[in-house]
Amino acid sequence: MMYFRLRPKLTHFSLLRMLGTEAPKMGAARQPNLLSATLAFEDPSAFRVKSWGELLRALGIFRLCSIPVLVNHCGKLMSVARKLLGRRVFSLLLRPTVYAQFVAGENDREISQSMEKMSLLGLRPMLAVPIEEDLGESTGEKRYDDNMEAMLECVRMSHSNAWSKDPMMQLKITALISPELCVKLTTLIAQQPHDLDLLVRAMDGEPIRFPDLDENEAAHFLCGLQRLNKIAEASVNKVRVLVDAEYTYMNPALTLVTMAMMRKFNKDGAWIWNTYQCYLKESRSLLLEALRLSKNEGFCLGVKLVRGAYMDKERKLAEKEGRLDPIHQSWEDTNDSYNSSLDMLLEVISQKPERYRIIVATHNEESVKRASKRMEELGIDRNGGSVCFGQLLGMCDHVSLTLAKEGYAVYKSVPYGSVEDTLPYLVRRAQENRTVLQGIRKERDLLRQELRRRLRLSLSLRGGS
């Protein structure tokens, strides 16, 4: 039987020996010479593919996003604006501005146009259904079934269009299983290991009993697992499904379910992926445990490596509950955590690229350069499929476009839907990524340089006529 444990004790070196790879030298995470000498994100020409309207829109929105009070209170401000202006006028104002910057569109035609343009730029879409729940927001089985249908439609759109040769999509488990149950499962996992085979059998439709859950919880868990099974069955060999991490009070349950999906569907390829948040102190041990499980049970592992987006809420909750802060104490510690995990995964991938995959999901230029340099040193193909990069739609385009130009596989996380459907999602992403939004000065500067270049060119053409 395959058991899932919450706190592994395996070391990096013993894990790499078990996988048959060599361990990197100590201190590699802080070596400055690992930065790529070829990649440079200083050239505003990356933005020459953007129209005048796109340049001006991005400059205006990034300027607003750099004002902390607006980002911190954007949800309340938008709610007030919607009440004062009415839903229709509010939607008309938002559509050509914030919505157009960060959302692909509402219907098939709008989404297709956005994706085709992205494809022409060498970028790949990673569709994201803007559905998620937190504690106190559970809405019943009918709503969860509707969410499943929306995700099946996302699989269909990702697969049926020729936007990229290796399509991906994002999935949040809390759109299919209640957050309250995920929290309870997390508590149970901390008390004893859980049998992943049991979850796999439940996905297959067996009437499994979960003795630690009451009747209603067990019934809901079975329904949730079968919803996830339908999505995985529809996507395997077609679309890679990247499961998002969320809050630490439910992440172990999300990982448990994701590992069960990997156990069932990743025998011959990494179709189900898990997300690892490197701002968490335990992130490295969780990655080592995932590598151990994938090796022992013979399934492929897909990793979405992020820094993390829930820092403020995690710290406040830990303080309120009298727990140790789960987040690294400094930005430098988080960077070291991300880079060391990145190095470890690239080492493993260089040995068995057919078994392990990673998306380097970051807006941090240093980490992107580091990954590029290590890929070169380890002989990992830029566009071979085992390593790719990811950024959010509407942000960090100078990094995305430069990577694509250099032949790397680059995905943009692309939410879609109506203004009403995507607004809560956008507000949450803005507040979670406030440090990224407030630190986009360089991208603004490059946009301004491109705008000035066009103005000078326009004036010179007029002067010469």
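In helix H13 (residues 311-321), Glu314, Leu317 and Ala318 are buried, where buried means under 20% relative accessible area, exposed over 50% and partly exposed in between, with a 1.4 Å probe and protein chains only. This is a predicted model, so local features need pLDDT of at least 70 and side-chain atom pairs count only at pLDDT 80 or more, while totals for chains, interfaces and linings use all residues. Residues are numbered from 1 along each chain as its sequence is written, and side-chain values use heavy atoms, with hydrogens and water left out. Helices (H or I, at least four residues) and strands (E, at least two) are DSSP runs, numbered from the N terminus.

**Helix H13 and its end**

- Looking down the axis of H13, the buried residues fall within an arc of 100°, so they line one face of the helix; the arc is that of the directions from the helix axis to the C-beta atoms.
- On the face turned away from that buried side, H13 carries the exposed residues Lys316, Glu319 and Lys320.
- Glycine 322 follows H13, and its phi is positive, near 70°.

**The barrel**

- Eight strands form a closed barrel in the order S2-S3-S5-S6-S7-S8-S9-S10, with parallel pairing; two strands pair if DSSP finds at least two bridges between them.
- From one strand to the next, the twist averages 30°.
- Strand S3 (residues 168-171) and strand S5 (residues 240-243) run parallel and are joined by four bridges.
- Methionine 168 has arginine 240 of S5 standing opposite.
- S8 and S9 also run parallel, with four bridges joining them, and isoleucine 359 stands opposite cysteine 388 in S9.
- Five of the six residues of S9 are buried, so this strand is largely enclosed by the rest of the structure.

**Helices on the sheet**

- Helix H6 (residues 108-120) lies across strand S2 (124-128) and strand S10 (410-415), running at about 145° to S2; angles run from 0 to 180 degrees between N-to-C directions, and axes are lines fitted to C-alpha atoms, for helices over the stretch in contact.
- Helix H15 (residues 365-378) packs on the sheet, where it touches strand S8 (356-361) and strand S9 (387-392), and its direction makes about 170° with that of S9; contact means heavy atoms within 4.5 Å.

**Two helices that meet H10**

- Helix H8 (residues 179-191) packs against helix H10 (residues 215-235) at an angle of about 105°, with the axes 11 Å apart.
- That angle makes H8 roughly perpendicular to H10; angles under 35 degrees count as roughly parallel, over 145 as roughly antiparallel, 65 to 115 as roughly perpendicular and the rest as oblique.
- Leu181, Lys184 and Leu185 of H8 meet Glu217, His220 and Phe221 of H10.
- By class, this contact of H8 with H10 has three nonpolar, one polar and two charged residues; Ala, Val, Leu, Ile, Met, Phe, Trp, Tyr, Cys and Pro count as nonpolar, Asp, Glu, Lys and Arg as charged, and the others, Gly among them, as polar.
- Helix H7 (residues 141-160) packs with H10 at an angle of about 10°, the axes being 9 Å apart, which makes H7 roughly parallel to H10.
- The H7 side of this contact includes Tyr144, Met148 and Leu152, and the H10 side includes His220, Arg227 and Ile231.
- The contact of H7 with H10 has eight nonpolar, two polar and four charged residues.

**Lysine 405**

- Lysine 405 is found in helix H16 (residues 397-405) and, at 69% relative accessibility, counts as exposed.
- Lysine 405 and alanine 46 are 359 residues apart in sequence and 8.9 Å apart in space, C-alpha to C-alpha.
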